[in-house]
Amino acid sequence: MDLRQARDDDVAAMCAADHIAVDQEERQGFIRRSVREGTANVAVLDRTVVGYAVLEHSFFGRGFISMLMVGPTHRRRGVGAALVRHAEGLCKSERIFTSTNQSNLPMQSLLQKLGYRHSGTIEDLDPGDPELFYSRQLR
Ligand SMILES: CC(C)(COP(=O)(O)OP(=O)(O)OC[C@H]1O[C@@H](n2cnc3c(N)ncnc32)[C@H](O)[C@@H]1OP(=O)(O)O)[C@@H](O)C(=O)NCCC(=O)NCCS
């Protein structure tokens, strides 16, 4: 698996791998912007983009994985874990953060497996589905 910074010509494939971007312009715009800003990284298998992660540093000056997405047909093969480890390698802060909805059990399970711990919860983002924040000390 190749893990590298996303390029402009990856945008279409990133949107195709993202079940939300497929029919949501807002997500497509987020992907385009992330690629332009250099915060998006892709996982490539057999020359196909199978997932991506966005790592930003605007969260209290800390690295924050704001999006992790693996195409539905490529899940449970280690792609998500590899993208998180790649983002950790690029993270400029000593602790890296991310978040997910309380309803998202796959992401919580992945983060627990990778040694992340629950850092706090924020209500009132998605009604009835609190946002759980996780972090891991890198150095
Ligand atoms: C969450 C997500 C990124 C996981 O990606 P993935 O490539 O399937 O994850 P991996 O194969 O690397 O899984 C690593 C570990 O995470 C856990 N895990 C992943 N998916 C799981 C699931 N559906 N159920 C339970 N545990 C799961 C397991 O411990 C797994 O290890 P194992 O396969 O050896 O048991 C993927 O399901 C996804 O893209 N979901 C939609 C987008 C999303 O919710 N993103 C997160 C919020 S931004």
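Author: The ligand is surrounded by 18 residues, and the closest are Arg 75, Gly 80, Ala 81, Ser 109 and Leu 110. The model is a predicted one, in which local features need pLDDT of at least 70 and side-chain atom pairs count only at pLDDT 80 or more, whereas totals for chains, interfaces and linings use all residues. Residue numbers start from 1 along each chain as its sequence is written.

By class, 9 residues of the shell are nonpolar, 5 polar and 4 charged. Here Ala, Val, Leu, Ile, Met, Phe, Trp, Tyr, Cys and Pro count as nonpolar, Asp, Glu, Lys and Arg as charged, and the others, Gly among them, as polar. Helix H4 (105-113), together with E4 and H3, supplies at least two residues of the shell in each case, and the largest share, 5 residues, comes from H4. The element names refer to DSSP runs numbered from the N terminus: helices (H or I) have at least four residues and strands (E) at least two.

E4 and E5 pair in the parallel sense over 3 bridges, pairing being assigned if DSSP finds at least two bridges between two strands. Within this pair, Thr 98 in E5 is the bridge partner of Ile 65.

The loop between E4 and H3 holds Arg 76. Its phi is near 65 degrees, a positive value in a residue other than glycine. Arg 76 counts as exposed because it has 8 C-beta neighbours inside 10 Å. The scale is as follows: with C-beta atoms placed from the backbone, a residue is buried if 20 or more other C-beta atoms lie within 10 Å of its own, exposed if 12 or fewer, and partly exposed in between.

Strand E4 itself contains Met 69, which is buried because 22 other C-beta atoms lie within 10 Å. From C-alpha to C-alpha, Met 69 is 7.2 Å from Gly 80 in space, although the two are 11 residues apart in sequence. Beyond its neighbours within four places in sequence, Met 69 is in contact with Ala 17, Asp 18, Gly 51 and Tyr 52; contact requires C-beta atoms, placed from the backbone, to lie within 7 Å.

E3 pairs with E4 in the antiparallel sense over 7 bridges, Gly 51 having Val 70 in E4 as its bridge partner. Leu 55 likewise stands opposite Ile 65 in E4. The hairpin of E3 and E4 has 2 residues between the strands, and Phe 60 takes a positive phi near 50 degrees there. E3 also pairs with E2, in the antiparallel sense over 6 bridges, and Gly 51 in E3 stands opposite Ala 43. The hairpin of E2 and E3 has 2 residues between the strands, with Asp 46 in the turn at a positive phi of about 50 degrees.

Tyr 52 lies in strand E3 and counts as buried because it has 28 C-beta neighbours inside 10 Å. Neighbours within four places aside, its contacts are Ala 6, Met 14, Ala 17, Ala 40, Asn 41, Val 42 and Met 69.

Tyr 52 is also part of the largest nonpolar core, whose 28 residues include Met 14, Tyr 52, Ala 53 and Ile 65 as those touching the most other members. Helix H1 (11-17), helix H2 (25-37), strand E2 (40-45), strand E3 (48-59), strand E4 (62-70), helix H3 (79-90) and strand E5 (95-101) each give this core at least two residues. E3 provides the largest share, 6 residues. A second, separate core of 5 residues includes Leu 110, Leu 111, Tyr 116 and Leu 132. A nonpolar core is a set of buried Ala, Val, Leu, Ile, Met, Phe, Trp, Tyr and Cys residues joined through C-beta atoms within 7 Å.

Note on methods. A residue is near a molecule or strand if its C-beta atom, placed from the backbone, lies within 6 Å of it. Two residues are in contact if their C-beta atoms, placed from the backbone, lie within 7 Å.
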